[in-house]
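Please find below a short note for a reader who is new to this structure. It should be read alongside the sequence and the coordinates.

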Amino acid sequence: MRRLASAAVALLLALGLLATVAIWVLNLRGEAPVDSTGKASGDAQQIARGAYLARLGNCAACHTRAGGAPYAGGRAIDTPFGAVYASNLTPDVQTGLGGWSPDAFWRALHHGRSADGRLLYPAFPYPAYTHITRADADALFDYLQSLPAVRQTTPAPALRFPYNTQAALAVWRALYFRPGRERPAPETPVQRGAYLAQALGHCAACHSPRDALGGPLRGEALGGAIVPGEYWWAPSLHSSAQAGMANWSEQDIATLLTSGTSAKAGVSGPMAEVVFHSLQHLRPEDALALAAWLRALPQQPPRPERTASVATAPVLERGAQLYANHCAECHQDEGQGRSGAFPALAGNRAVTMAEPLNLIQITLHGGYLPATAGNPRPYGMPPFRQTLADGDIAAVLSYIRQAWGNQAGRVDAIAVHRVRERTRY
């Protein structure tokens, strides 16, 4: 019996050792020695190119805290496992990238490893940035090295155990991360759009669902998900019932991406921030390339959903009255909206989508298009958080989702309460 127990322990130890070696090997695959002596080129054209790429990657939005110096870090990035703080990207030697080389920066983007060898948390979206070309990485580095140096220490991550350990990170990477391969230069607009979206734009970071460990679900890329830390729904780009655009013109898509509004839709919430900070700066050819890629995405039929529960007659009557009192002046009696000002609600897929989370968010906190060069003075919707109770918001949204021939389920007061409690700004 003792021999059997000893053999079992030895077997477990051997398996543990093999697993450790496998994880170690998987975390080092594709990495080459880093030249720590290289410097930024200082070339003005390269810096200008890097500034544009930084806009496309929306780097400043995460790496600038409220009221702080641009790119100096310190902003908290909320995750299901705790908060991670964005790092200082300015060329300060002690707290930023001043002591980094182009090779070290490339390794951070391509392999998710810091200059000192530490594994980086995937809140920094290196699973997307691993697809950035070396030429673009070098241009980004040149731009960041041209910024004013700001001495600002990045706070330590506030993650729960064991997620705050390098061992847990190594296991996560072994399960989910594969370094990208150098790809040829894009030759078609669709290929260019795919590169912008999948690498610099890291669209999948928001639009793809994840499992309990934060890893992407296989076969579900861009299929719609709750935005980590934001509690908004990033709709599926593969579904015409959500944000699929296969039947849009490329110009309509490009207009939406760069101005935040078009004849077909408008953006709000986290996407409005992306348009404001990043996409409105797209060059026309890149906006059309992204549009071509979005149009080319395979579209999937709407998934079978739970039978839509219809609100009771008293709830709909209450919702109709609330709509008349608070909404009809802008959105009109039949939900047709006002062209160029307030969106139509009748037939609006943001209204009829199975997931009502964004509707609840907009009603509670207001709906605001981004101010852009193409739409410098956008119309907005006031918040009703202090005006309407949870039951009122549920009733008016249920009415909007079921009036004018819309076929969508009712909204429960408990769903409104949940959003209210999770978004106490």
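Predicted model: local features only at pLDDT ≥ 70, side-chain atom pairs only at ≥ 80, totals over all residues.

1. Length of helix 13. This helix covers residues 313–326, which is 14 residues.

2. Buried side of helix 13. Gly319, Leu322 and Tyr323 are buried in this helix. These residues cover an arc of only 105 degrees around the axis, which means that they lie on the same side of helix 13. The general rule is that an α-helix has 3.6 residues a turn, so residues three or four places apart point the same way.

3. Surroundings of helix 13. Its buried residues pack against helix 14 (328–331) and helix 17 (390–402). On the face turned away from the buried side, helix 13 carries Pro314, Glu317 and Asn325, which are exposed.

4. Strands 1 and 2. Strand 1 (residues 76–79) and strand 2 (residues 82–85) run antiparallel and are joined by four bridges. A hairpin of two residues connects strand 1 to strand 2. Within this pairing, Ala76 is found opposite Tyr85 of strand 2.

5. Strands 2 and 3. Strand 2 is also joined to strand 3 (residues 158–159), through two bridges, and this pair runs antiparallel. Here Gly82 has Leu159 of strand 3 as its bridge partner.

Notes. Residues numbered from 1 in each chain as written. Heavy atoms only, no water. Expected span 1.5 Å × (residues − 1). Buried < 20%, exposed > 50% of the residue type's maximum accessible area, 1.4 Å probe, protein only. Arc of directions from axis to C-beta. Contact = heavy atoms within 4.5 Å. Pairing = 2+ DSSP bridges.
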